[in-house]
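Dear colleague,

Please read the notes with the model open beside them.

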Amino acid sequence: MRRALILGGTGLIGRAAALRLLAAGWQVDVTGRNPAHMPCELAAAGVRFVSADRSDGSQLQAALGGGTDLLVDCICYTAADARLLLPLAGNAASTVLISSKAVYVDADGNHSNSDAPPRYDGPVRETQPTLPPGDMDYRSREGYGPNKVAAERVALDSGLPITVVRPSRIHGVGSARPREWVVVKRVLDRRGVVLLANRGDGVVHPTAAANIAALIETAAGKPGARILNCADPDAPSALEIFRTIARHLKHTWEEVLLDDTAPDTVGRTPWDSPHPVVLDTSAAEALGYRPAGDYAKTVAAEIDWLLDAARAGDRAGILPKAEDPYFSRFFEYAAEDAFLAGRTR
Ligand SMILES: NC(=O)c1ccc[n+]([C@@H]2O[C@H](COP(=O)([O-])OP(=O)(O)OC[C@H]3O[C@@H](n4cnc5c(N)ncnc54)[C@H](OP(=O)(O)O)[C@@H]3O)[C@@H](O)[C@H]2O)c1
């Protein structure tokens, strides 16, 4: 039986990859620090949890054991992380390192985490320039992309069969930052109106964890050193995302499509972007990757997961907290109501 080891495998990507590989007959082991984070469905399906801190080389070696057919690293953020990965990758037939679209820069040097949003000429290919490598704090806005570039380079310079995967905005069951909650909560709050900035035109390409899992399985069967974008086969706008989720929840509301005269306190969404950010996925397709589904198909399980959690009073603590600043700016209901009242006056 083929074996897969997924580092940081108890989260969003690890869950989807483990379920996909299990269904294809693999034996799957996942690492993490806290066994309580192991998803029940993985444990029930026979996935083994191995306690190993990502920064401890000897714990990682113990998790690897004598070797593995597939090694997936979901938590490689820095060059130092990548250097710890290499001895393991040397004993793996194929390795996948999860990077990010945050490495890309446009012609003006803007990127996902710059103050000015990037403006690409069209769908971004793997040949698009990247940020220079860096070693500042990888948890900072300035440091995330440069550290990912540095990690990628260590991996690819090794000559080992490591597939670097660059996802866009990841969605799926188990997300630590479920952006779709912005729509689900609005439905649960029985809002009859949804306001969307910039007419809901913003596009930031979503990537289903299930589609990353499909690409991981493809890379497992075709080891090699390469970089591959990974994103859903469609790139819905904010308006289409709101419609998709509302339709799944059988909720109807009035759509108020705002222009740039509206105050910026209303109509914000996680998918706002003045210029589309779309990844070209033709390189993955040329390798044999076939997506698990489009946005509407792949997002459904996450929506049900969020809904179930809300109905159960969020006993597992997976829903964003009201005071979470990332999310609270999307629920400015008082400002929305004042804006709508002014509009009808
Ligand atoms: N979210 C996005 O939109 C997005 C976009 C592009 C790229 N990415 C990339 O996706 C990756 C994140 O994957 P994910 O969403 O599956 O992550 P996740 O849901 O946060 O899961 C990561 C798992 O790794 C474990 N972990 C964290 N730190 C660890 C450590 N030091 N040692 C051992 N285990 C550790 C965690 O469990 P414990 O806490 O129990 O250890 C957790 O279950 C990152 O490489 C990120 O750069 C994300």
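By class, how many residues of the shell around the ligand are nonpolar, polar or charged? The shell has eight nonpolar, eleven polar and four charged residues, where Ala, Val, Leu, Ile, Met, Phe, Trp, Tyr, Cys and Pro count as nonpolar, Asp, Glu, Lys and Arg as charged, and the others, Gly among them, as polar.

Two remarks on reading the notes come before the rest. This is a predicted model, in which local features need pLDDT of at least 70 and side-chain atom pairs count only at pLDDT 80 or more, while totals for chains, interfaces and linings use all residues. Residues are numbered from 1 along each chain as its sequence is written.

The ligand

In total 23 residues surround the ligand, and the closest are Gly-8, Gly-11, Arg-33, Asn-34 and Arg-54; a residue is taken as near a molecule if its C-beta atom, placed from the backbone, lies within 6 Å of it. At least two residues of this shell come from each of α1 (12-23), β2 (27-32) and β7 (169-171), and α1 gives the most, with three residues. These elements are DSSP runs numbered from the N terminus, helices being H or I of at least four residues and strands E of at least two.

The sheet

The parallel strands β2 and β3 are joined by four bridges, and Gly-32 stands opposite Ser-51 in β3.

A helix pair

The axes of α6 (residues 181-188) and α8 (residues 238-248) come within 10 Å and cross at roughly 50°, so the two helices are oblique to each other, given that angles under 35 degrees count as roughly parallel, over 145 as roughly antiparallel, 65 to 115 as roughly perpendicular and the rest as oblique. Val-183, Val-184 and Val-187 of α6 make the contact with Phe-242, Ile-245 and Ala-246 of α8, contact meaning C-beta atoms, placed from the backbone, within 7 Å. The residues of this contact divide into six nonpolar, no polar and no charged.

With best wishes

Terms used: Axes fitted to C-alpha atoms, helices over the stretch in contact; angles between N-to-C directions. Contact = placed C-beta atoms within 7 Å. Pairing = 2+ DSSP bridges.
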